[in-house]
Amino acid sequence: AGVTSPKRDEPRLLYEDDDLAVVLKPTAWSCQPRPQGVDPGWARLTPLKRRQQVAELLMQEEPAPIQAWLLLHWGADPACDACRDQGSDRGIVHRLDVETSGPLLVSKTIKGYEHARKQIALGILKDYVALVHGTFSTDRGECHAPIDSSTFLDTGLVRVDRNGQPATTVWEALAEYESMDKRERYTLVHCRMVTLRTHQLRVHLQHLGHPLVGDELYGSGNVPEFCPRMFMHKIRIGFFNIQGQVCV
């Protein structure tokens, strides 16, 4: 977008067909529903004006809404009706935290939106790598702690509670590290979300006694100098497209 020192990277395409796409979401892009400041008129801008608007998104201080990028990228295409539709949240069908990077399944058309929503309900493949505090006593395991999200709107937090919704995370330790001063140990873990609950990985890892490095909500509050943001990256997404083909 012609920006020399952007505050964030621009999203890029990993997969695209007529109805669906997978966008690599960098950190500092927000997926919060129906954000303010996304102008429907952007879909009628010239290509140059759209790129200039993207440049403004890359430079703004606060997290930029991914819906704005979707509208600017596909909104001018008459076939991409979901990107112009606020009711379908510009094509967003699932979300990543602001600080989490990784592939995001989005819809370009209303037909694709309905299909993707069904995919989410049935379950899609979602794999992450994360760096956590401490070391595990075993190489792999599962967490089945129920998650109560009833407090999320008021506090921005969820919690493990026996009356919560069923939730399952499968994890595997990949490597262990030690800080330079040998006071801290960390583990790189591969996690698979079997269910799709709000903040599932973050609260499950906290529940296991190994909060995410850089997680100020569910961690100790001490953010190490080497990691100024939450150390979590989504590495894989898997789903069926409208033609029934497996996409991973």
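Analyst: Leu-20, Val-22 and Leu-24 point one way from strand 2, while Ala-21, Val-23 and Lys-25 point the other way, and all are buried. Here, buried means under 20% relative accessible area, with exposed meaning over 50% and partly exposed lying in between, for a 1.4 Å probe and protein chains only. Strand 2 is thus described as mostly covered, with six of its six residues buried. A strand is a DSSP run of E with at least two residues, a helix is a run of H or I with at least four residues, and both are numbered from the N terminus.

The model is predicted: local features need pLDDT of at least 70 and side-chain atom pairs count only at pLDDT 80 or more, whereas totals for chains, interfaces and linings use all residues. Residues are numbered from 1 along each chain as its sequence is written, and side-chain values use heavy atoms, with hydrogens and water left out.

Strand 2 has two pairing partners to consider. Two strands pair if DSSP finds at least two bridges between them. With strand 1, strand 2 pairs in the antiparallel sense over four bridges; Arg-12 has Leu-24 of strand 2 as its bridge partner. Three residues lie between strand 1 and strand 2, and the two strands form a hairpin. Strand 2 also pairs with strand 5 (residues 102-107), in the antiparallel sense over six bridges, and in this pairing Ala-21 stands opposite Val-106 of strand 5.

On a 1 Å grid over the protein atoms alone, a pocket is an open set of points with protein on both sides within 12 Å along at least five of seven lines, whereas a cavity is a set where a 1.4 Å probe fits but cannot get out; lining residues have an atom within 4 Å of a point. The second largest pocket holds about 180 Å³ of space. This pocket is lined by 13 residues, and those closest to its centre are Leu-14, Val-22, Pro-103, Ile-237 and Val-248. Strand 1 (12-16), strand 2 (20-25) and strand 12 (232-240) each supply at least two residues of this lining, the largest share, six residues, coming from strand 12. By class, the lining has ten nonpolar, one polar and two charged residues. Ala, Val, Leu, Ile, Met, Phe, Trp, Tyr, Cys and Pro count as nonpolar, Asp, Glu, Lys and Arg as charged, and the others, Gly among them, as polar.

Methods. Grid points are joined across faces, edges and corners, and a volume is the space filled by probe spheres set on the points.
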